[in-house]
Amino acid sequence: MELEHNPVVDNETRRSFGYRLARLASMWRREIDADLRVFGLTDATWRPIYYLNFSSSSMRQTDLARSLSLEAPSLVRLLDVLEKRGYVVRETDEEDRRSKLVSITAQGRQVAALVSRVADQVTARLMAGVSDPELEECCGVLDRVEQAAQAHKESADAEKKDAR
């Protein structure tokens, strides 16, 4: 399959945007990870706690794995560790007995609060040289890119559905 020539992508800044965005996200997580190591937390342990803290209800293990870009077996081992530490609990999903629901505990919420404080400190450190107007403009660009990606996904999903 040959890709179409797209003059918009010929611009080096546009071409490198996704790569730079992914690299920055990885660097940002490493900064948070380094600051949390003194509390005995690693990227693998703090991310599920942080993510679950934003959920208003229990979450299926499979959905959590997808959200964290983890394979299901890796998440199961990780949840075993987090459950032993008292940060999460797993229960059988009454709607689908093959599935497990994961919830954050009160102790897990305390850890999530610590993660949030550290993440805020990292954010302040990394963004010290960025003005509010610059940040607002950047967020606007990211919003438009995210909306385009979502629209493309929805279009592709609709095409797949129509093809069936």
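Confidence first: this is a predicted model, and its pLDDT averages 90 across the protein, with 94% of the residues scoring at least 70. Helix 5 comes out highest, at a mean of 96, while strand 3 is lowest, at 89. Where pLDDT is low, the predicted coordinates should not be read in detail.

Now for the inside. Nonpolar side chains tend to be buried together in soluble globular proteins. Here, the largest nonpolar core gathers 25 residues, and Leu36 and Leu64 are the ones with the most contacts inside it. Two or more residues each come from helix 1 (12-36), helix 2 (43-53), helix 3, helix 4 (72-84), strand 3 (96-104) and helix 5 (106-126). Helix 5 gives the largest share of this core, with seven residues.

Let's stop at Leu36. Setting aside neighbours within four places in sequence, what does Leu36 touch? Its contacts are Leu41, Trp46, Leu114, Val115 and Val118.

Next, hop over to Ser67, which sits in helix 3, the stretch covering residues 61-68. Is Ser67 buried, exposed or something in between? Its relative accessibility is 34%, so Ser67 counts as partly exposed; the cut-offs are under 20% for buried and over 50% for exposed. For a sense of distance, take another serine, Ser56: it is eleven residues from Ser67 in sequence, and the two C-alpha atoms are 15 Å apart in space.

How values were computed: Residues are numbered from 1 along each chain as its sequence is written. This is a predicted model: local features need pLDDT of at least 70, side-chain atom pairs count only at pLDDT 80 or more; totals for chains, interfaces and linings use all residues. Side-chain values use heavy atoms; hydrogens and water are left out. Helices (H or I, at least four residues) and strands (E, at least two) are DSSP runs, numbered from the N terminus. Buried means under 20% relative accessible area, exposed over 50%, partly exposed in between (1.4 Å probe, protein chains only). A nonpolar core is a set of buried Ala, Val, Leu, Ile, Met, Phe, Trp, Tyr and Cys residues joined through side-chain atoms within 4.5 Å. Contact means heavy atoms within 4.5 Å. pLDDT is the predictor's confidence in each residue, from 0 to 100.
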